[in-house]
Amino acid sequence: MELNVSTASQGGHAVVTATGELDLYTAPRLQAALAGLLRDQADHIVVDMSGVEFCDSTGMNVLLSAMKRLKEQGGALELAAPRPAVKRILQVTGLDTVFTVTEAAPVLDAG
């Protein structure tokens, strides 16, 4: 299965929408999108997980790495609207206490 990634940003805020499966083969796509936003000095990134049906450890590591780099720059990364399967992974691994998890992603103009 594919992973589609799109971004929208406004000021220093950005929303990354991911749909599909986030795994060893598709994680580089999300990593590239997040790296681009970090280069552009985004200070608040929300990853909309509502369309992610599966996420493995590689996907979690991409999210953790981006969150760490963003924190080093004084910013924050949030996960929005994870599906039950992804929520379960966050809970089982304890990452639900590491990430800020919200119920819905903010709506930004595509840019």
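## Overall fold

Let's start with the layout: the chain's secondary structure consists of 3 helices and 5 strands (DSSP runs, with H or I over at least four residues for helices and E over at least two for strands, numbered from the N terminus). Starting at the N terminus, the order of elements is β-β-α-β-α-β-α-β. The chain's radius of gyration is 13 Å, close to the 13 Å from the globule rule for 111 residues, so the chain is as compact as a globular protein of that length. Here the radius is taken over C-alpha atoms, and the rule is 2.2 Å times the number of residues to the power 0.38.

This is a predicted model, where local features need pLDDT of at least 70, side-chain atom pairs count only at pLDDT 80 or more, and totals for chains, interfaces and linings use all residues. Residues are numbered from 1 along each chain as its sequence is written, and side-chain values use heavy atoms, leaving out hydrogens and water.

## The nonpolar core

The largest nonpolar core has 28 residues. Such a core is a set of buried Ala, Val, Leu, Ile, Met, Phe, Trp, Tyr and Cys residues joined through side-chain atoms within 4.5 Å, and buried means under 20% relative accessible area with a 1.4 Å probe, protein chains only. Helix H2 supplies the largest share of this core, 6 residues.

Which residues does Ile45 touch, leaving aside those up to four places away in sequence? Among them are Ala14, Val16, Leu34 and Leu77, where contact means heavy atoms within 4.5 Å.

## Burial across the chain

Of the chain's 111 residues, 42% count as buried.

How values were computed
Buried < 20%, exposed > 50% of the residue type's maximum accessible area, 1.4 Å probe, protein only.
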